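Dear colleague,

Please find below the structure that I am handing over to you. My notes on it follow.

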Amino acid sequence: MTQKMKIAVPVKADGQVDNHFGHCEAYKVFAVSDESEISEIEEIKSEQGCGCKSNIAGVLAAKGISVLLAGGIGNGAINVLKNAGINVVRGCEGSAAENVRQYVAGTIIDSGEVCHHHEADHACSH
């Protein structure tokens with residue numbers, strides 16, 4: 001079984017997709033086989049803080065990750081990840097593994113929504 005791609009998902013302690021990329025507990029890294037099945041799962045502890053200012057994009061890129069499935073994420077973090085060769089899909093929620101399965105099946109589409117840190121009524125606000 002050969003590996004087709006690696007997908008990272010920022011998660012909370014319970015393994016659910018974190019709705020704020022920069023505040024996640026960890027990143028679950030899913031290796032997907034040529035048969036489009038999850039073949040391996042690794043966890044990378046998160047450096048707490050702003051996703052656009054940490055070196056997480058470099059860490060993820062060095063692991064061979066090509067896609068990040070996120071809940072809420074800001075433009076700065078998206079740009080840093082894209083510059084590292086990682087495609088970002090926003091608007092994910094629920095089980096990290098289920099989101100990976102849906103992405104591989106082609107049923108998850110980027111929501112196009114960006115997390116705005118300073119809008120008081122926004123779900124991703126601080």
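Which residue of β2 stands opposite Met5? In this predicted model, the residue opposite Met5 is Val32. Two strands are taken as paired if DSSP finds at least two bridges between them; strands (E, at least two residues) and helices (H or I, at least four) are DSSP runs, numbered from the N terminus.

As to the basis of these notes, the model is predicted, so local features need pLDDT of at least 70 and side-chain atom pairs count only at pLDDT 80 or more, while totals for chains, interfaces and linings use all residues. Residues are numbered from 1 along each chain as its sequence is written, and side-chain values use heavy atoms, with hydrogens and water left out.

Strand β1

The strands β1 and β2 run antiparallel and are joined by 8 bridges. With β4, β1 runs parallel, through 2 bridges; there Ala8 has Leu68 as its bridge partner. Of the 9 residues of β1, 7 are buried, so the strand is largely enclosed by the rest of the structure. Buried means under 20% relative accessible area, exposed over 50%, and partly exposed in between (1.4 Å probe, protein chains only).

Nonpolar cores

A nonpolar core is a set of buried Ala, Val, Leu, Ile, Met, Phe, Trp, Tyr and Cys residues joined through side-chain atoms within 4.5 Å. The largest has 18 residues, and among those touching the most other members are Phe21, Tyr27 and Leu60. At least two residues of this core come from each of β2, α1 and α2. A second, separate core of 17 residues includes Met5 and Leu69.

Helix α3

The buried residues of α3 are Ala96, Ala97, Asn99, Val100 and Tyr103. They lie on the same side of α3, because they cover an arc of only 160° around the axis (the arc of the directions from the helix axis to the C-beta atoms). These buried residues pack against β1, β2, β3, β4 and β5, contact meaning heavy atoms within 4.5 Å.

Salt bridges

There are 4 salt bridges, each a side-chain nitrogen of Lys or Arg within 4 Å of a carboxyl oxygen of Asp or Glu. In one of them, Lys28 pairs with Glu43, the closest N and O atoms being 3.1 Å apart. This pair links strand β2 to strand β3, 15 residues apart. Another joins Asp110 to Arg90 at 2.6 Å, N to O. Asp110 is partly exposed at 31% relative accessibility, whereas Arg90 is buried at 12%.

Yours sincerely
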